[in-house]
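Morning, everyone. I'd like to talk about aromatic rings today. Have a look at the model first.

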Amino acid sequence: MSPTLHREKGFRFFFYSNEGKEPTHIHVVKAGCEAKIWLDPVAVAENYGFSKKEIRTILEIVEENLESFLKEYEKWHGE
C-alpha cells in the first residue's frame, strides 16, 4: 500500500509501505515521472524525468507541507 499524503498541481506525494531503514523521505509522481525527496534536510535524493522547473515546484510544495509530511512519516513508519 502507498498512502497518498498530498496532491497539488498534478503531483501526488506518497510513501511506499516498506522501505527499510532509509532516511526520512517522500516520493512524488506525475505523468510517468518520479522523484524521491529527503525531508531532513529537504533535498532531491533521486529524480526520474522531472525538469528543473518541476523539481523547484516539488521542493516548494515539500517545504510548505514539511511539518505534516514529517508527522505522517513518523506515524506510518513507526519512528
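Predicted model: local features only at pLDDT ≥ 70, side-chain atom pairs only at ≥ 80, totals over all residues.

Searching the whole structure gives 5 aromatic pairs. I'll take two of them in detail.

Start with F11 and F50. Their ring centres are 5.7 Å apart. The planes meet at 55°, so this pair is tilted; edge-to-face would need an angle over 60. Where do F11 and F50 sit in the chain? F11 is in strand 2, residues 11–14. F50 is in the loop between strand 5 (42–48) and helix 1 (52–64).

Buried or exposed, F11? Buried, at 4% relative accessibility. F50 is buried as well, with a relative accessible area of 6%. The cut-off for buried is under 20%.

Next, F14 and Y16. Here the centres lie 5.1 Å apart. The planes are at 90°, so the pair is edge-to-face. F14 is buried, at 2% relative accessible area. Y16 is partly exposed, at 30%.

Now zoom out. Which residues do ring pairs link into a cluster? F11, F13, F50 and F69.

Last, the charges. The charged end of K30 sits over the F11 ring, 4.6 Å from the ring centre. R12 places its charged end over the ring of F14, with 4.1 Å to the centre. F11 is thus in a tilted pair with F50 and also has K30 over its ring. F14 pairs edge-to-face with Y16 and has R12 over its ring.

Technical notes:
Residues numbered from 1 in each chain as written. Heavy atoms only, no water. Phe/Tyr/Trp six-rings, centres within 6.5 Å; stacked < 30°, edge-to-face > 60°. Helix = DSSP H or I, 4+ residues; strand = E, 2+ residues; numbered from the N terminus. Buried < 20%, exposed > 50% of the residue type's maximum accessible area, 1.4 Å probe, protein only. Lys NZ or Arg CZ within 6 Å of the ring centre and 35° of its normal.
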